[in-house]
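This briefing is meant for a reader who is meeting the structure for the first time. Please look over the sequence and the model before turning to the points that follow.

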Amino acid sequence: MNAGRAREAEPIVREALKLHQDIFGLLHPETLTAYNNLAANLFGQGRYADAEPIYRKVLALRQEVLGRKHRETASSLSNLALNLMLQGRRSEAEPLNREALALRTEILGSEHEETVSSLNNLAGNLQLQERYAEAEPLFRQALSIRTKISGKQHPETLVVLDNLATILNKLERFEEAEPLHRRAYAASIGILGDKHPNTLVSMGMLAGNLKKQRRYDEAEALERRAVQYMTEVMGEAHHTTLAAMGNLGLTLNYMGKDAEAEEIYRRVLTLREQTLGEDHPDTLSTQGNLAYNLIEQAERANLAIIPARAVLTGWLDRWNIRGNDARAELQYQREIKNRRHYFTLFADAGWIAARDGPDQRAELQEEVYGALQRAMMGPATRAVAQTAARRAAENEVAGLDELLRQRQSLANQWQSTEALINKRLARIQQRPDRRLKTLRQKKAALVEKIEAVDIRVGKDFPQYFAMVRPEPLSIAETQAMLGPDDAFLMVVPTQMGAHVFAVSRQDVRWVRSTATRKTINAMVKRLLWDVGANVDVSNIQAAEWADEGKGAYPYDRSTAYHLYQQLIGPMRDVLGNKRHVYIAAGGALSGLPFGILVSAEPTGDDGDPAVLRATRWFADDHALISIPSIQSLQFLKQYGSEKTPVNQERVSFLGFGDPLLDGSAEIRGGGRGRQRGATAGSIFTANGVNAEAGIANVDDIKKLARLPGTAVELEQMRRALNAPPSAVLTAAKASEASVRASDLTSARILAFATHGLLAGEIEGASEPGLVFSPPSTATDKDDGFLSASEVAALRLDADWVILSACNTASGDGSSGAPGLSGLARSFFYAGARNLLASHWPVRDKVAARLTVRTIEIARDNPNLSRAEAFQHAMREIRADRSNDSEIDTWAHPNAWAPFALIGEGT
């Protein structure tokens, strides 16, 4: 592993190769082994790009000479995969890892040491792609088999043990990981010595665990020793040494030793640029660490813009050359999510540079505006973009819309099939797994079908692939898109503050609040708790908040006003008297309806209904419309207009609700005594074929509470729109089969009033979805649960989709989470132009009034936009005194503000 010794050996290895070729010829197995040795030598020097073509040549020749099903061919696959992984091409390496594992399992059996190495390598690949939950069971299986065939103290067993512990660290199970790291490290010292490369790697892994537990002094001592020994044994430029140096730099940063950390980062950066290249993920990671380090040094913070721009540009360059196949697309989506912090890092560095260099402000403002748009891009933006691309394609070539829907369905099937393969691999046995073979065949067939669709799309509508990866809009493009009475507000919290852009046709302003992401998260959590949303709050904190405020049902208006001052106050001049304000918010703010912010300093008791009614709410200042991103608004405006032929007769309304369930009838209500965080119980089978197929447990669905108020709500909507009685399907008619059988494209307004369940809200639910009347026997077409992916497969042409169910709007608000639930964005993908979705459980009486009055006001006042009609309806609910009591009032935001209007809105 010593790179210096490998360089010395290279001429000898090349001479040996020449001799083998002269004596045996190119195709002799001994010559191929000599070629492989040369590739291994270059690999050992860290010259991965030089080694790659030789590994590829050896693989091709071994397949030709020895055949595909040969042990040496499998080794070549594994070698090439590892080479690509270390070049940062993890997604490209994954199918090679899988093929090597499959071949070795078939040729050597699942308990051969080479097979276990392939299993460990595949798990390591998933780890590098940050797919930790998928990697953990594979590492556990590798450890189990390796222990069985080699024993607990074998060096390779210890490597897998450390790998498993590292995954536990990634999953933030630090206390569980530490004893595994210590066991591996101690055993490695005893077996291999304290300076063996395996021991040094194990030492670094233990240090990383201690660092995660904030035991920095212990971590620093280990990391300094690891760097010293690795430099002696492997050389300073070896990738393992550089990783250890970078880890030491992070520890020093955490300890406030910023100057020393900067020196280390710069050295690591120089060596990684020389050995890996400027666009390698490890190089870019070092640039990011350097930028964070400089921001922490107040006197040098203005220099952070240089590495921050380098890491941003580097990732964009990598993404620009990525392919369009299902695997590449999935990896692109993962990387966008996992690299959001680099975009917000650039925004923070740009803010400092603009502050210290006002002559650069205009240029930096434009760059930061684009970077923050990229930080906001997620599955919701993609769903809207895909819908727009399909509609554009259909205008060009008849039938392409359906073909692109098929492509997305195939991609979803491919993804779920690969997840099932990983699950099977995690419990592979000695005997062949027939189900695993079938799944691999299915995945291969799906890949062929996707490739066939892509060839057709590439020929007939090549711009599709660019449209589904939208580029940021410039400030000028945004202004040109906005109407004279429109404004756009983008809010993205970071660890340094919250960046806020306000854009109107006439003006633009960029500020960064003093409130950090942590502070904003705390304020959002308090406000959401006050309105009854399901937020994670300790019993002590909940008890403290419950005792605060005077009156029937208090709302913390001081926090709502403070958050308004931080985010909206500085933008008042830009927003002015605009009728419509579009809002795209990131992080925890994505789950907060901005209308419940207070725009004037509050006075009086927070629980007095009269005081709440007199409060100046941000919802009254403008008609607020939520959007996933500004690109989504562009797509909705450009491609969202109705394309229905004039000769096709359309109905005004179609509604589904009040499914036939066995649970006690439940009225959705509010007030201070309401429940938070209640869940409906598991709806997915825990094991068996149905669990793999994603079929809901019918018996568990039947146990959910009946919701009779939803039938009343749908009936009132029907009457308001003068739709026939057949437009409402309730009880037994409110089935998943009925939804699939209905002509959903004919309805201008679609309403679903039922239980809405989010992914992770209940045990076993892998997707969000809507509950319907369950059948007697579940099938993949009707199990009483319409999941988000099944919604995406529907065909809609609705001006408005109303989701009158619990929690249908918000993402989870965590770092990197999408700002819109999977369920809501699936309706966009299916063809909805606007959504009315909820952020917390909706009251029965309010749901009926609010949705129906919005429809009626829009119907009776054609000069009002949908957003303004919705704004008027909320005011009516708040002004209604008939429900005031000692414990409740409709003047509370819990009653009038659960819904958000998402879409184009005007």
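D658 is buried, because its relative accessible area is 7%, and a residue counts as buried when that value is under 20%. This description rests on a predicted model, and D658 is placed by that model in strand β6, which covers residues 651-659. The phi angle of D658 is near 45°, a positive value in a residue other than glycine.

**Backbone and buried positions**

- E130 likewise has a positive phi, near 65°, although the residue is not a glycine, and its place is in the loop between α6 (113-128) and α7 (132-150).
- With a relative accessibility of 27%, E130 counts as partly exposed, whereas D658, at 7%, is buried.
- L32 belongs to helix α2, which spans residues 29-44, and its relative accessibility of 0% means that L32 counts as buried.
- From C-alpha to C-alpha, L32 and H892 are separated by 76 Å in space, and in sequence they stand 860 residues apart.

**Helix packing**

- Helix α11 (residues 216-234) packs with helix α12 (residues 239-254) at an angle of about 155°, and the axes of the two helices are 9 Å apart.
- That angle makes α11 roughly antiparallel to α12, since angles over 145 degrees are counted in this way, and the crossing of these two helices is left-handed.
- Helix α19 (residues 379-396) and helix α30 (residues 630-639) cross at roughly 25°, with axes that come within 9 Å.
- Because angles under 35 degrees count as roughly parallel, α19 and α30 are described as roughly parallel to each other, and their crossing is left-handed.

**Salt bridges**

- Side chains of opposite charge can pair when their charged atoms come close, and the count of salt bridges in this model comes to 71.
- R68 and E99 form a salt bridge in which the closest N and O atoms are 3.6 Å apart.
- This pair links distant parts of the chain, with R68 in the loop between α3 (48-65) and α4 (71-86) and E99 in helix α5 (residues 90-108), 31 residues apart.
- Both partners are partly exposed, R68 with a relative accessible area of 41% and E99 with one of 25%.
- In the salt bridge between E402 and R795, the closest N and O atoms are 3.0 Å apart.
- E402 lies in helix α20 (residues 400-425) and R795 in the loop between α35 (788-792) and β12 (800-803), so this pair ties together parts that are 393 residues apart in sequence.
- E402 is partly exposed, with a relative accessible area of 38%, and R795 is partly exposed as well, at 40%.
- R616 and D621 meet through their side chains in a salt bridge of 3.2 Å, N to O; R616 counts as partly exposed at 43% relative accessibility, and D621 is partly exposed at 22%.
- A network of salt bridges links E94, R98, R131, E134, E418 and K443.

**Nonpolar surface patch**

- L19, I23 and F24 form a nonpolar patch on the surface, and together they have about 310 Å² of accessible area.
- F24, one of the residues in this patch, lies in helix α1 (residues 3-24) and is partly exposed, with a relative accessible area of 41%.

Conventions:
Residues are numbered from 1 along each chain as its sequence is written. This is a predicted model: local features need pLDDT of at least 70, side-chain atom pairs count only at pLDDT 80 or more; totals for chains, interfaces and linings use all residues. Side-chain values use heavy atoms; hydrogens and water are left out. Patches are made of residues with over 30% relative accessible area and no salt bridge: like charges are joined within 9 Å, nonpolar side chains (Val, Leu, Ile, Met, Phe, Trp, Tyr) within 5 Å. Accessible areas come from the Shrake-Rupley method with a 1.4 Å probe; for residues, only the protein chains shown count as cover. A salt bridge is a side-chain nitrogen of Lys or Arg within 4 Å of a carboxyl oxygen of Asp or Glu. Helices (H or I, at least four residues) and strands (E, at least two) are DSSP runs, numbered from the N terminus. Buried means under 20% relative accessible area, exposed over 50%, partly exposed in between (1.4 Å probe, protein chains only). Axes are lines fitted to C-alpha atoms, for helices over the stretch in contact, and angles run from 0 to 180 degrees between N-to-C directions. Angles under 35 degrees count as roughly parallel, over 145 as roughly antiparallel, 65 to 115 as roughly perpendicular and the rest as oblique. A crossing is left-handed if the near helix is turned anticlockwise from the far one by less than a right angle, and right-handed if clockwise.
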